[in-house]
Amino acid sequence: IKQGAGQVLGKLIIGVSGGGKSTGTELTLKHIPQVLVHPNTSEKYIQHEQITWLKVECSPTGSIKGMCMKIIGEIDRILGKNYSARVNGGRVNVDILMMEIKHLSILHSIGVLVIDEIQHLKVTKDNEQMLNFFLTLSNEINLPIIYIGTQEAVQKVFSKNHRYARRVEGDGAIEYGFLTREDFDDFLTELWNYQWTKYETELTDEIKDLMYLNTIGIPARIIKVFSRAQVNAIMDGS
């Protein structure tokens with residue numbers, strides 16, 4: 001994320017499912033306190049609660065209204081507020097929800113907005129309104145936005161409009177792919193320390209080859225196969 005000449009560039013993080021996109025982003029964000037409370041001597045506020053980062057996941061339905069409610073609901077959860085009550089009526093339309101998000105973004109000085117699973121956003125005329133809204137947040141209130149998704153996000157969501165692609169990719173997307181064999185060996189060697197069986201098993205080249213064959217170097221699969229193998233060994237007594 002960087003601020004260029006008069007514009008804030010977002011970032012696109014893409015990669016295979018289970019490659020570590022969300023986990024890596026969350027681990028990075030957790031190094032930053034999510035809420036900062038600033039004393040304010042003005043007559044209007046006693047104190048100011050700033051949200052340094054806000055992360056939400058796009059719902060599988062890709063609903064624009066659902067996306068808006070998720071953002072407001074996450075602000076409520078973080079701050080212990082109830083802003084959702086103001087916009088939870090059946091007659092509230094998308095325009096009002098977007099205005100509320102813009103208002104809350106300014107009110108709580110949100111530092112960065114992270115949208116995960118962006119590939120779920122359906123590419124319809126209505127949801128182009130959502131992408132336009134995100135661009136407006138970037139332009140008008142200098143809010144950087146990080147989009148996280150699979151390659152499907154690039155093909156389905158951003159490739160339809162060059163303006164979206166240019167803004168989200170900035171100076172290049174971050175791509176999470178399959179681990180190289182060297183990185184896989186390092187990853188598995190570290191993971192191998194977490195054994196819960198009665199007897200420790202040595203990590204051999206044969207096991208490495210077998211694990212690589214069955215996981216194709218995807219971190220989430222490596223962890224699942226490793227943990228499942230231990231469960232099976234414990235359950236059958238071997």
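Leaving aside neighbours within four places in sequence, Met130 is in contact (heavy atoms within 4.5 Å) with Ile64, Met67, Cys68, Ile71 and Met98. The model is predicted, so local features need pLDDT of at least 70 and side-chain atom pairs count only at pLDDT 80 or more, while totals for chains, interfaces and linings use all residues. Residues are numbered from 1 along each chain as its sequence is written, and side-chain values use heavy atoms, with hydrogens and water left out.

Met130 is also one of the residues that touch the most other members of the largest nonpolar core, which has 36 residues; Leu54, Ile71, Ile75, Ile115 and Phe134 are the others. A nonpolar core is a set of buried Ala, Val, Leu, Ile, Met, Phe, Trp, Tyr and Cys residues joined through side-chain atoms within 4.5 Å, where buried means under 20% relative accessible area (1.4 Å probe, protein chains only). Elements giving two or more residues to this core include β3 (11–15), α2 (64–79) and α4 (125–141). Helix α2 supplies the largest share, eight residues. Helices here are DSSP runs (H or I, at least four residues), as are strands (E, at least two), numbered from the N terminus.

A second, separate core of nine residues includes Leu179, Phe184, Trp192 and Phe226.

The axes of α7 and α8, lines fitted to C-alpha atoms over the stretch in contact, come within 11 Å and cross at roughly 110°, on a scale from 0 to 180 degrees between N-to-C directions. The two helices are therefore roughly perpendicular (65 to 115 degrees).

| Helix | Residues | Contact residues |
|---|---|---|
| α7 | 181–191 | Arg181, Phe184, Asp185, Leu188, Thr189 |
| α8 | 205–215 | Lys208, Asp209, Met211, Tyr212, Thr215 |

Definitions and conventions:
Buried < 20%, exposed > 50% of the residue type's maximum accessible area, 1.4 Å probe, protein only. Parallel < 35°, antiparallel > 145°, perpendicular 65-115°, else oblique.
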